[in-house]
Amino acid sequence: MTSFVITVPGTFVSDVADSVPLAVERKLAPRHTEVSENEGLRLLTLNEDGTFSIRLEVEAPDKYEAELDAMRIVTAALKDAGLSESHAPLGPAAVTGIDSGL
């Protein structure tokens, strides 16, 4: 298995309470580990225009599976924070780091 750092962009289509990003970060904290921390990447970046980027690590056999897993994980974290896909639509996931353990 390979560790992939995946970036998932999204947009909050309306104002969200300050507690929502905190809840998302708490839910995803276990996915922000050695590779992303060593690169100095923030787990969640919020922009003033309501856009955001989430960077998390996923163990997967390949890039495709890593991106799919990341989308499922982020969607679940947003749902747990009280946001539906229509309130925080996501853009395409992208690999932004790889650690194959070699």
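Let's start with a pair of helices: the axes of helix 1 (residues 19-28) and helix 3 come within 9 Å of each other and cross at roughly 135 degrees. Here, helices (H or I, at least four residues) and strands (E, at least two) are DSSP runs, numbered from the N terminus. An axis is a line fitted to C-alpha atoms, for helices over the stretch in contact, and angles run from 0 to 180 degrees between N-to-C directions. Helix 1 and helix 3 are therefore oblique to each other; under 35 degrees would be roughly parallel, over 145 roughly antiparallel, 65 to 115 roughly perpendicular, and the rest is oblique.

On the helix 1 side, the contact (heavy atoms within 4.5 Å) is made by Val24, Lys27 and Leu28, and on the helix 3 side by Ile73, Ala77, Leu78 and Asp80.

## About the model

This is a predicted model, where local features need pLDDT of at least 70 and side-chain atom pairs count only at pLDDT 80 or more, while totals for chains, interfaces and linings use all residues. Residues are numbered from 1 along each chain as its sequence is written, and side-chain values use heavy atoms, with hydrogens and water left out.

Now for the strands: four of them form an open sheet in the order 2-3-1-4, with antiparallel pairing. Two strands pair if DSSP finds at least two bridges between them. At the edges sit strand 2 (44-46) and strand 4 (94-99), each pairing on one side only. From one strand to the next, the twist averages 20 degrees.

Strand 1 (residues 2-11) and strand 4 are joined by five antiparallel bridges. In one of the pairings between strands, Thr7 has Ala94 of strand 4 as its bridge partner. Helix 3 (residues 63-80) packs on this sheet, touching strand 1, strand 3 (51-60) and strand 4, and its direction makes about 125 degrees with that of strand 3.

Is Pro92 buried or exposed? Pro92 lies in the loop between helix 3 and strand 4, and at 68% relative accessibility it counts as exposed. Glu67, found in helix 3, is buried, with a relative accessible area of 16%. The cut-offs are under 20% relative accessible area for buried, over 50% for exposed and partly exposed in between (1.4 Å probe, protein chains only).

Pro92 and Glu67 are 25 residues apart in sequence and 8.5 Å apart in space, C-alpha to C-alpha. Not counting residues up to four places away in sequence, Pro92 touches Thr7 and Pro9, while Glu67, counted that way, touches Ile6, Ala93, Ala94 and Val95.
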